[in-house]
Amino acid sequence: MLKLVAAFCLLSLFGLSNANIQANKLYELLKTKQSTNKPAHDTWSVQEDAIHEYSPVYVGAQEGLAELDKILQLPGQPADMNGFDQYSGYVTVNPTAGRALFYYFVESPTDSSTKPLVLWLNGGPGCSSMIGAMSELGPFRINSDGKTLFRNNYAWSNVANILFLESPAGVGFSYSNTTSDYDNAGDKNTADDAYIFIVNWLERFPQYKTRNFYITGESYAGHYVPQLAYTILLNNKNTNQTVINIKGIAIGNAWMDDETTLKGMFDYWWTHAILSDATHDAIIKYCNFANLSSSDKCVDATYKAWDEIGHTDTYNIYAPICLNPDYRNSTGTGSINVFDPCWQDILASYLNDSSVQKAFHAKPTSWDVCSDVLTRWDDSADTVLPIINGDTDGRVTVTSSRYAINTLNLPIETAWRPWYLNKEVGGYLEAYKGLLLITVRGAGHMVPSYQPQRALAVFSSFLGGTLPPPS
């Protein structure tokens with residue numbers, strides 16, 4: 001049975017984040033959902049009859065490509081961090097269109113041959129999973145000079161082999177030679193291409209074909225992850241290609257249900273004393289989040305909400321914001337326990353260095369955190385479940401997740417309780433039949449960035465099929 005673990009929250013209908021560019025991409029999607037030219041946004045329906053329409057997907061010749069993708073060393077990599085293998089490059093998913101997806105793969109430094117394979121996806125839609133690789137859970141973080149790296153002691157590769165995928169084409173280093181592909185991005189195409197990527201990647205790295213496989217991600221990956229899992233399970237039933245040994249999914253701070261997430265966001269702001277009673281009452285009275293209604297009174301109330309919360313990072317309501325983006329003049333080594341609020345500028349600086357792109361085997365690219373070439377998003381499900389949350393994210397909030405999970409009416413198997421790490425409360429959890437909701441105390445939207453040790457503890461428990469300790 002597939003283990004559904006809602007792993008580790010997003011954005012107003014009318015406001016832009018000044019702190020996290022992933023918010024802007026989601027804001028653009030929500031605006032189109034209100035427009036007359038809106039994407040299809042029914043729920044992601046299970047259609048078993050689709051099995052009968054299946055035809056084998058494209059599989060290209062992969063022999064010898066893994067060795068060519070091996071990274072010798074990344075620029076600025078610490079000298080004492082050469083005890084594991086790294087790979088990166090492109091996997092073609094549609095040779096006719098010339099569509100290829102970029103990946104970065106990190107093998108575990110210990111016992112990689114026995115550890116599971118884990119795919120990581122960032123959201124947006126249209127944002128790069130190199131965010132996760134270089135700013136969250138990968139083996140390195142980037143120093144504030146934008147040129148050198150330091151060790152992430154709590155990298156998820158300590159317990160698994162981690163595969164980062166930039167998806168769909170047009171995101172990060174991924175590309176298509178058919179520019180019309182950028183006009184037709186959407187949930188279904190993203191899931192289909194990611195599936196083809198995995199099938200081909202496993203041909204390139206055949207030693208992982210039978211390995212336990214998990215899919216994880218955050219933000220709009222609340223759509224990507226369950227949709228890809230469904231696509232894999234569906235195709236596993238009817239293909240003579242590689243059967244992907246998927247065991248579970250974990251979704252962090254994910255946008256998974258339009259109505260409950262938007263309602264939960266404003267409720268969270270109010271309960272955390274950053275929104276007035278009057279404005280919250282007006283939002284409840286005038287906004288219909290079930291159909292993304294934008295009446296004049298609703299618009300006025302939500303604009304008022306943004307005025308009231310002030311100039312803060314709504315992705316981590318207690319965190320500092322980037323006040324000095326002139327990182328190029330910075331010196332010194334970063335700390336894994338202090339997340340740099342100017343991380344986006346630092347990440348873009350590093351990945352746009354020509355020597356870095358060469359080391360990653362990437363085509364010369366004007367890399368950005370989120371894509372500006374995807375012109376629209378054709379389809380977006382209204383609701384995708386489940387989710388796990390960090391508890392200081394004011395955008396995709398834990399409040400929203402609890403509302404959404406409550407709509408499922410699942411039987412509770414482990415009642416709400418704290419979990420502990422190093423004798424401190426690491427967060428809270430409640431286990432349902434087939435699903436786990438777990439919070440990470442003190443974490444914002446990018447859980448491994450703000451609470452790397454607690455995030456690794458949750459991830460390790462997820463892989464082990466156990467709950468974090470109650471004391």
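Reader: Is Asn240 buried or exposed?

Author: Happy to start there, with the reminder that this is a predicted model. Asn240 is exposed, because its relative accessible area is 72% and the cut-off for exposed is over 50%. This residue sits in the loop between α5 (221-236) and β10 (246-254).

Reader: How far is Asn240 from Pro56 in sequence and in space?

Author: Along the chain, 184 residues separate Asn240 and Pro56. In space, their C-alpha atoms are 8.0 Å apart.

Reader: Let me try a residue in a helix. Is Thr260 buried or exposed?

Author: Thr260 belongs to helix α6. With a relative accessible area of 10%, Thr260 is buried, since buried means under 20%. If you set aside the neighbours within four places in sequence, Thr260 is in contact with Ser400, Tyr403, Ala404 and Thr407.

Reader: Which residues of α6 and α7 meet?

Author: From α6 come Phe266, Asp267 and Trp270, and from α7 come Asp277, His280, Ile283 and Ile284. Sorted by class, that contact holds four nonpolar, one polar and two charged residues.

Reader: And at what angle do α7 and α8 pack?

Author: Helix α7 (residues 277-286) packs with helix α8 (residues 296-309) at about 150 degrees, and their axes are 9 Å apart. On the α7 side you will find Thr279, Ala282, Ile283 and Tyr286. They meet Lys297, Cys298, Ala301, Thr302, Lys304, Ala305 and Glu308 in α8. By class, the α7 and α8 contact has six nonpolar, two polar and three charged residues.

Reader: Why do residues some places apart in a helix point the same way?

Author: An α-helix has 3.6 residues a turn, so residues three or four places apart point the same way. You can look for this in α7, where Thr279, Ala282, Ile283 and Tyr286 meet α8.

Reader: How many residues of helix α9 are buried?

Author: Seven of the nine residues of α9 (residues 343-351) are buried, so this helix is largely enclosed by the rest of the structure. The buried ones are Trp343, Gln344, Ile346, Leu347, Ala348, Tyr350 and Leu351.

Reader: On to strands. How do the side chains of a regular strand alternate?

Author: They alternate between the two faces of the sheet.

Reader: Which strands pair with β13?

Author: Strand β13 (residues 424-432) runs antiparallel to β14, joined by four bridges. Strand β12 (residues 412-421) also pairs with β13 in the antiparallel sense, over seven bridges. Leu429 in β13 is a handy landmark: Arg417 stands opposite it, and its bridge partner in β14 is Ile438. Tyr432 stands opposite Leu435 in β14. Seven of the nine residues of β13 are buried, so this strand is largely enclosed by the rest of the structure.

Reader: Which residues take a positive phi in the two hairpins?

Author: In the hairpin of β12 and β13, with two residues between the strands, Asn422 has a positive phi near 55 degrees. The hairpin of β13 and β14 also has two residues between its strands, and there Gly434 takes a positive phi near 85 degrees.

Reader: Where is Asp111, and what is its phi?

Author: Asp111 lies in the loop between β3 (99-106) and β4. Its phi is positive, near 55 degrees, in a residue other than glycine. Asp111 is exposed, with a relative accessible area of 54%.

Reader: Which peptide bonds are cis?

Author: Two to look at are the bond from Gly124 to Pro125, with omega near 5 degrees, and the bond joining Ser167 and Pro168, with omega about 0 degrees. Pro125 is in the loop between β4 (117-121) and α3 (130-135), while Pro168 lies in the loop between β7 (161-166) and β8 (175-176).

Methods
Residues are numbered from 1 along each chain as its sequence is written. This is a predicted model: local features need pLDDT of at least 70, side-chain atom pairs count only at pLDDT 80 or more; totals for chains, interfaces and linings use all residues. Side-chain values use heavy atoms; hydrogens and water are left out. Two strands pair if DSSP finds at least two bridges between them. Axes are lines fitted to C-alpha atoms, for helices over the stretch in contact, and angles run from 0 to 180 degrees between N-to-C directions. Contact means heavy atoms within 4.5 Å. Ala, Val, Leu, Ile, Met, Phe, Trp, Tyr, Cys and Pro count as nonpolar, Asp, Glu, Lys and Arg as charged, and the others, Gly among them, as polar. Buried means under 20% relative accessible area, exposed over 50%, partly exposed in between (1.4 Å probe, protein chains only).
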